[in-house]
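Here's a quick briefing to read alongside the coordinates. Have a look at the structure first, then work through the notes by topic.

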Amino acid sequence: MLLTAVDRGSLSAAARELKIPVSTLTRKVADLEEMLGTRLLIRTTRKLTLTDAGMSYVAAAKGELVVTAPVQLGRLHVLPVINQFLAQYPDITVRLLLSDRNIDLIDSHADLALRIGELADSSMIATRIGSLRPIVCASPAFLANHTPPREPDDLVKYSCVVFNSPYLSPWRFRLPTTSKIYVLGVKPRLEVTSPDAAVSAAVDNAGITYVFEHDADEAIRNGQLEILLPQFEIEPVPVHLVHVSRNLMAIKLRHFIDFAAPKLRQSLSRFGKQKRH
């Protein structure tokens with residue numbers, strides 16, 4: 001609404017284009033100014049003039065939005081939401097950076113990140129969108145040739161496929177009797193740098209792997225992998241959208257968070273539910 005008012009030069013012209021009462025538009029602009037704690041427009045009877053803060057805000061409103069996400073989560077969940085967002089906001093372009101390493105928002109000039117795990121940096125503004133369940137799994141064929149493990153320490157006897165990641169390394173378990181976290185030192189028979197590679201190797205009977213349920217979801221539903229040791233699982237890991245705290249959040253970023261957060265919550269809603277046996 002603010003951009004339309006600026007483009008048309010007056011609130012009345014913008015209201016006509018948006019097909020809303022001038023009073024509604026005036027109130028929306030006032031609400032935005034109150035939320036930001038600064039004045040954006042100088043209104044006269046003849047024209048609108050942007051304040052310095054208003055010019056900064058409008059300058060950041062259009063153009064490229066840079067989003068970063070883990071590869072698998074980004075491809076399967078974030079990308080479809082971005083595609084829907086682009087259809088609704090034709091003035092905004094998006095650059096999606098997919099990496100299983102946490103990309104620094106400032107160094108990469110990114111506006112928003114999807115982050116897995118507890119957030120250590122309190123300066124970030126976070127919106128929780130779900131949680132993911134870390135699981136141990138193996139193929140039925142592999143388990144047919146090996147006695148299934150009964151506790152985490154048994155895993156050192158097996159070939160293990162290790163996904164080297166900041167949020168799944170090392171392998172961690174929760175002792176059901178004490179609820180203490182137990183870290184297991186696994187020597188990998190195969191080490192990979194992406195969760196889909198770990199899942200694929202486990203499906204091909206290369207060994208037992210430790211990934212998020214989300215990453216192995218299709219293989220589990222197809223009967224290609226089975227979950228092991230559910231009673232030893234740690235608590236599901238939170239997933240957030242995070243951005244750097246700013247006094248003036250760009251309109252494009254606010255639009256994207258408002259658009260994407262509920263859709264991502266829905267998309268991830270069936271994950272993160274523990275099933276202790």
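Start with helix α5, residues 71-88, in what is a predicted model. Its 18 residues at 1.5 Å a residue should span 26 Å, and the end C-alpha atoms sit 24 Å apart, so the two figures agree.

**More on α5**
- There's a kink of about 40° at V78, shortly before the proline P80.
- V78 is also one of the buried residues of this helix.
- Q72, L73, G74 and H77 are buried in α5 too, along with V81, I82 and F85.

**Cysteines**
- Searching the whole structure for disulfides turns up zero.
- C137 is in no disulfide: the nearest cysteine sulfur belongs to C160 and is 11 Å away.
- Likewise, C160 is in no disulfide, with the sulfur of C137 as its nearest at 11 Å.
- How buried is C137, in relative accessible area? C137 comes out at 0%, so it counts as buried.
- C160 is buried as well, at 1% relative accessibility.

**Overall build**
- The protein has nine helices and 14 strands.
- Its radius of gyration is 24 Å, well over the 19 Å from the globule rule for 277 residues, so the protein is more spread out than a compact globule.
- The C-alpha trace spans about 80 × 35 × 30 Å along the principal axes.

**Packing and surface**
- Of the 277 residues, 47% are buried.
- Take the contacts between residues at least 6 apart in sequence: 74% of them join residues at least 24 apart.

Terms used: Residues numbered from 1 in each chain as written. Predicted model: local features only at pLDDT ≥ 70, side-chain atom pairs only at ≥ 80, totals over all residues. Heavy atoms only, no water. Helix = DSSP H or I, 4+ residues; strand = E, 2+ residues; numbered from the N terminus. Expected span 1.5 Å × (residues − 1). Bend = angle between axes of the 7 residues up to and from the residue. Buried < 20%, exposed > 50% of the residue type's maximum accessible area, 1.4 Å probe, protein only. Disulfide = S-S within 2.5 Å. Rg over C-alpha atoms; globule rule 2.2 N^0.38 Å. Contact = heavy atoms within 4.5 Å.
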